[in-house]
Amino acid sequence: MYAISASRAPRTSAPFSEGTSAGRYVFVSAQPPVDPKTGALVKGSLKEMATQCLDNVEAVLSELDLTLSDVTKVTVLLAGTDDFSAVDAACEERFPRPMPACSRVQVVSIAQGTPVAIEAIACR
């Protein structure tokens, strides 16, 4: 296993890798809606925040020449349950068919106080 550090993804203060690779599998840590250029949380609708999360997932994957089309499983972390449709819309726009498997989980809180974060598993 080895760690992935992505220059185009936001840095985290947590003691975890942005992603790891083990064999054919790539695991991308939960990505918040943080603009990697400014380090600030993206403001706007939940769909816009989810889109930034996906941009950050894609930035980590790009370090290994992978894209969202290589994602086999996504986990969406949400601070509320009324938000599924906005996140689903962002995912439908970004993921090619066939869509990856997905788990949507309501959590008490997400790092940095954001309402959404997205993690992914990809296969080479």
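**Note on the predicted fold: sheet, helices, core and local features**

1. Strands β2 and β3 form a hairpin with two residues between them, and Gly23 in the turn has a positive phi of about 65°. Helices and strands here are DSSP runs numbered from the N terminus (helices H or I, at least four residues; strands E, at least two). Two strands are taken as paired if DSSP finds at least two bridges between them. The pairing of β2 with β3 is antiparallel and extends over four bridges; one of the bridges joins Thr20 to its partner Phe27 in β3.

2. The model is predicted, so local features need pLDDT of at least 70 and side-chain atom pairs count only at pLDDT 80 or more, while totals for chains, interfaces and linings use all residues. Residues are numbered from 1 along each chain as its sequence is written, and side-chain values use heavy atoms, with hydrogens and water left out.

3. Contact means heavy atoms within 4.5 Å.

4. The largest nonpolar core has 29 residues, and those with the most contacts inside it are Val26, Leu61, Val71, Val87, Val116 and Ile118. At least two residues of this core come from each of β3, α1, β4, α2 and β6. The helix α1 gives the most, with nine residues. Such a core is a set of buried Ala, Val, Leu, Ile, Met, Phe, Trp, Tyr and Cys residues joined through side-chain atoms within 4.5 Å. Buried denotes under 20% relative accessible area, exposed over 50%, and partly exposed the range in between (1.4 Å probe, protein chains only). Leaving aside residues up to four places away in sequence, Val26 touches Ile4, Thr20, Ser21, Leu61, Leu64, Leu66, Ala120, Ile121, Ala122 and Arg124.

5. Asn56 is found in helix α1 and counts as buried at 1% relative accessibility. A polar atom of its side chain lies 3.0 Å from the backbone oxygen of Val34. A polar contact is a pair of N or O atoms within 3.5 Å; within protein, one must be able to donate a hydrogen and the other to accept it, and residues adjacent in sequence count only if both atoms are side-chain atoms. With residues up to four places away in sequence not counted, Asn56 touches Ala9, Pro10, Gln31, Pro32, Val34 and Pro36.

6. The peptide bond from Arg97 to Pro98 is cis, with omega near -5°, and Pro98 is placed in the loop between α2 (84-94) and β5 (101-106). Asp65, a residue other than glycine, has a positive phi near 60°; Asp65 lies in the loop between α1 (46-62) and β4 (71-78) and is exposed, with a relative accessible area of 72%. Gln112 also is not a glycine and has a positive phi of about 70°, in the loop between β5 and β6 (116-123).

7. A search of the whole structure finds zero disulfides, a disulfide being a pair of cysteine sulfur atoms within 2.5 Å. For Cys102, the nearest cysteine sulfur is that of Cys91, 6.0 Å away; Cys102 counts as partly exposed at 43% relative accessibility. For Cys123, the nearest cysteine sulfur is that of Cys102, 18 Å away, and Cys123 counts as buried at 17% relative accessibility.
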